[in-house]
Amino acid sequence: MTVDLEATKERVLDAAEELYYGRGVQAVGMDAVRTASGVSLKRLYQLYPSKSALVEAYLRRRDARLLDGLARYVEAVPGPPEKRLSAVFDWLYEWFGEPDYRGCAFINSYGELGATTPEVAAAARAHKEAFRQYVAGLVATAGLPAPLAAHLALLAEGAITTAAISGSPEPAREAREAARVLMDAARA
């Protein structure tokens, strides 16, 4: 793939991400993505033959970016492995505090298109499973019981949704405290 083609794809995905995440997938047509990216409609459809293909590409790239950002944040935390589990919620707090935070792009996209677009449903499910697996790895490293991973992932998911609806980052702190209680109970 040429550098120009890759740069064009990135421009399209940058525009799609800003528009889809900010306004919703159904509210944004391909013309809006074309205008925001500066790519001709013909070229846009050469790169992404359908809106669902573009939405899937946007979600896959967002998945990689979010999980990579989370891992880099968590791995930079010194101390015992349990501190890294708590750091997941600290990372969420920072994310929730961003001025453009609109909740989980995967939940939002699934809510809009999951029933009618199998690619979107698959991308959302894959992201949620990858997050759960990441948390499971942290739980295993901390020597805690494996079922705790599902509980902590569910706490995080609830915090993500609650923060979006409430407009506050505080659900991350509340979920962090609940996670601490669950970790203490699991160690006992």
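Reader: Which residues line the largest cavity?

Author: This is a predicted model, in which local features need pLDDT of at least 70 and side-chain atom pairs count only at pLDDT 80 or more, while totals for chains, interfaces and linings use all residues. Residues are numbered from 1 along each chain as its sequence is written, and side-chain values use heavy atoms, with hydrogens and water left out. A cavity is a set of points on a 1 Å grid over the protein atoms alone where a 1.4 Å probe fits but cannot get out, and lining residues have an atom within 4 Å of a point. Here the lining of the largest cavity consists of Leu66, Leu67, Leu70, Trp91, Leu92, Trp95, Cys104, His127, Lys128, Phe131, Glu157 and Ile160.

Reader: Which elements give two or more residues to that lining of the largest cavity?

Author: Elements here are DSSP runs numbered from the N terminus, with helices (H or I) of at least four residues and strands (E) of at least two. On that basis the chain holds 9 helices and 0 strands. Those that give two or more residues to the lining of the largest cavity are α4, α5, α7 (118-141) and α8 (147-166).

Reader: What volume does the largest cavity have?

Author: Searching the whole structure turns up 1 cavity of 30 Å³ or more, where a volume is the space filled by probe spheres set on the grid points. The lining of the largest cavity has 9 nonpolar, 1 polar and 2 charged residues, with Ala, Val, Leu, Ile, Met, Phe, Trp, Tyr, Cys and Pro counted as nonpolar, Asp, Glu, Lys and Arg as charged, and the others, Gly among them, as polar. The volume of the largest cavity is about 100 Å³.

Reader: Which residues lie nearest the centre of the largest pocket?

Author: A pocket is an open set of points with protein on both sides within 12 Å along at least five of seven lines, and the largest pocket holds about 320 Å³ of space. Its lining takes at least two residues from each of α1 (3-23), α4 and α5, and divides into 4 nonpolar, 2 polar and 8 charged residues. Of the 14 residues that line the largest pocket, those nearest its centre are Glu17, Arg62, Trp95, Glu98 and Asp100.

Reader: Is α4 parallel, antiparallel, perpendicular or oblique to α5?

Author: The axes of α4 (residues 51-75) and α5 (residues 81-96), which are lines fitted to C-alpha atoms over the stretch in contact, with angles from 0 to 180 degrees between N-to-C directions, come within 9 Å and cross at roughly 125°. Angles under 35 degrees count as roughly parallel, over 145 as roughly antiparallel, 65 to 115 as roughly perpendicular and the rest as oblique. The angle between α4 and α5 therefore makes α4 oblique.

Reader: How many nonpolar residues are in the contact of α8 with α9?

Author: The axes of α8 and α9 (residues 170-187) come within 9 Å and cross at roughly 165°, which means that α8 is roughly antiparallel to α9. Contact means heavy atoms within 4.5 Å, and the residues that make it include Leu148, Leu152 and Leu155 of α8 and Leu182 and Met183 of α9. In this contact no residues are charged and 3 are polar, while the nonpolar residues number 13.

Reader: Which residues of α6 make the contact with α4?

Author: α4 and α6 (residues 105-113) pack at an angle of about 160°, with their axes 10 Å apart, and are therefore roughly antiparallel to each other. From α4 the contact takes Tyr58, Leu59, Arg62, Asp63 and Leu66, and from α6 it takes Ala105, Phe106 and Ser109.
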